[in-house]
Number of protein chains: 2
Amino acid sequence: MKDVASAAGVALKTVSRVVNGEPGVHPQTAERVRAAIDLLGYSRNESARVLRSGRTATIGLVIEDVADPFYAGLSRAVEDVVIEHGCLLLSGSSGEEPGRERELVETFCARRVDGLIVVPAGDDHSYLRPELDAGTAVVFADRPPEPGIDVDTVLADNAGGARRAVRHLLEHGHRRIAFLGDDPAIFTAAERLRGYREELGDRFDPRLVSMRSPSAAGVRAELDRLFGLDDPPTALFTGNGRYTVTTLRALGRQRVALVGFDDFELADLLDPGVTVVAQDPARMGQVAAELLFHRVTGDAGPSQHVELPVQLIVRGSGELPAKA
Amino acid sequence: MKDVASAAGVALKTVSRVVNGEPGVHPQTAERVRAAIDLLGYSRNESARVLRSGRTATIGLVIEDVADPFYAGLSRAVEDVVIEHGCLLLSGSSGEEPGRERELVETFCARRVDGLIVVPAGDDHSYLRPELDAGTAVVFADRPPEPGIDVDTVLADNAGGARRAVRHLLEHGHRRIAFLGDDPAIFTAAERLRGYREELGDRFDPRLVSMRSPSAAGVRAELDRLFGLDDPPTALFTGNGRYTVTTLRALGRQRVALVGFDDFELADLLDPGVTVVAQDPARMGQVAAELLFHRVTGDAGPSQHVELPVQLIVRGSGELPAKA
DNA sequence: CACCTGTTTGACAACGTTGTCCGCCCCTCC
DNA sequence: GGAGGGGCGGACAACGTTGTCAAACAGGTG
């Protein structure tokens, strides 16, 4: 900028004014400055601008894994809203490790992001306290923070979706419905288990619940255990997209009634089509980002908690009848 | 930092030394400083650090769309390498719009990223010239830059993969093989078309080539046209994952021999399984990021051009025989 | 022609950090 | 006891930008 100023024969501040479109610069002077800028290929140093102004125009996003279609969709939606607000997005995958989550958040904060969207991996968020006190806007998506932290949240209706899935299977005559899902330490898994349990009521049987690793071997072993019971399940409810796919693969040609949580591409092309309870990851990202920008632009009202609806999509696998 | 210094009763510079683990500070002093840091919840302002040191420890990634599984996988791999080097990742989706690509690159450069990984949407990269001259490291992935720009590239063996796919169908008796792919203005689409054409040799028939929008309606219309020909195709080669899926959906129960470019989840679970020529997006991201860090750390050798192999995965759909 | 007003321009400080350089103190050795 | 040296701490400038304030200038008015 200094070079531009001397090239154009004006003061630093005048160049700054031109670059920022501030009024009070003679058109002819502005033209000369712009010419010098083009000539020198100058581009403003955002770091210095940030240092001076305090606003970084940057948002941080912590998710579990970008390569997971659910989070990829969420990311894209967040990105779109962020760009619309003239900001950029720093993103990182925690890989379900609380330590990594914390590192990412702290690194983002050290860079003075204006706001953070977090899909938490752990449940200790005390490390966020100083950042919140410092005025960083934070929104939690998909999973809530630890109870003591009061921030905006966007969650799906996990329990309601699970109830809907189970009810659907009950309506098709199933009485023995197994649940395969993540460790209940994960909020969404616990909520879906709760919905499953509530809907089953007296029919709930802990032996039909499997919360093991979503690896192919783990799922295979659990299916063997379940189908080896005296009173085996006639239907499966899988607790997220990964479990659904792994379970389908483990089942092979074996036809079992199944409803999965989370929609996935090609669910309609399998035979039978896979009935799912679908979330809308893009909507979740969009809502989270919009809540965040409300905060960034100064809204200091009480924290908001949005619950997004889920939708049962009937495709065939959930309508297979229970064998007599 | 000033506050920390006065709280600990030392000079600014001493705090800086402690924060950066520089030698020459008495352990006892360092301890006092650390206590003050904890007490005040201080965290270093990276913007100021960047301004002073010039290195942002930030990499920019421009892809087509994070929500596309191919780019999501690539992103994740890039992210992992970037984090390993103690840096952060700014990412943006161009949505296949050259203007957006350019905006993203320029915004990233204004923030003085140390390096850029670009999956280009357009083919005019003259705007990169000043950045390259300014020393920003750049790697192109998936698609090359315009001819005049000399940077590292990581591409897949698109033509070879297409030849392999076509050869596979020829080996199963097919003589009329249609190609459904993207606009040949897109490098990968053009390369795959080239491989297809080369492998077919004399059998190449331009009427069997369809390069229309990957929308459901567009693909449906093209299939109608192809199967309405006097001498219709007995096999299809789809030019990327999106086309493969859209085509499968359009085909419905209709069984046609098909090989797709790009692997996708659940390709094995469809009936028949979908034979594909698979790229490795994670590997592409990893290689691109590693090339980039070579440059960032000062390697000024001649530009490198990596071609990644692709792999035919046989699952059934490509082995359906040609009807007599 | 002096005066006032408004427009255009510029000088300077400040943001928070780090690199350079200097000075202090204490220890050791003569 | 004094000189030399090493370990430690501090003052200051600089990075590139923007906010504040004041100066310079032009034009209109009495």
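## A buried histidine

H174(A) sits in the loop between α8 (158–171) and β6 (177–180) of chain A; helices (H or I, at least four residues) and strands (E, at least two) are DSSP runs, numbered from the N terminus. With a relative accessibility of 0%, H174(A) counts as buried. Buried means under 20% relative accessible area, exposed over 50%, and partly exposed in between (1.4 Å probe, protein chains only).

Leaving out residues up to four places away in sequence, H174(A) touches L169(A), T234(A), A235(A), A257(A), L320(A), P321(A) and A322(A), where contact means heavy atoms within 4.5 Å. A polar atom of the H174(A) side chain lies 2.7 Å from the backbone oxygen of L320(A).

## About the model

This is a predicted model, in which local features need pLDDT of at least 70 and side-chain atom pairs count only at pLDDT 80 or more, while totals for chains, interfaces and linings use all residues. Residues are numbered from 1 along each chain as its sequence is written, chains are lettered from A and ligands numbered from 1 in the order in which they are written, and side-chain values use heavy atoms, with hydrogens and water left out.

A salt bridge is a side-chain nitrogen of Lys or Arg within 4 Å of a carboxyl oxygen of Asp or Glu. The structure has 54 of them over all chains.

One joins D205(A) and R176(A), at 3.0 Å from N to O. D205(A) is in the loop between α9 (187–200) and β7 (209–210) and R176(A) in the loop between α8 and β6, so the pair ties together parts 29 residues apart in sequence. Both D205(A) and R176(A) are buried.

Another links R76(A) and D80(A), with the closest N and O atoms 3.2 Å apart. These residues are 4 apart in helix α5 of chain A, so about one helical turn separates them. R76(A) is buried at 16% relative accessible area, whereas D80(A) is partly exposed at 29%.

## Where chains A and B meet

D80(A) also forms a salt bridge with R100(B), the closest N and O atoms being 3.9 Å apart. Between chain A and chain B the count is 6 salt bridges. The side of chain A that touches chain B has 20 nonpolar, 10 polar and 15 charged residues. Here Ala, Val, Leu, Ile, Met, Phe, Trp, Tyr, Cys and Pro count as nonpolar, Asp, Glu, Lys and Arg as charged, and the others, Gly among them, as polar.

In total, 45 residues of chain A are in contact with 45 residues of chain B.

Key. A polar contact is a pair of N or O atoms within 3.5 Å; within protein, one must be able to donate a hydrogen and the other to accept it, and residues adjacent in sequence count only if both atoms are side-chain atoms.
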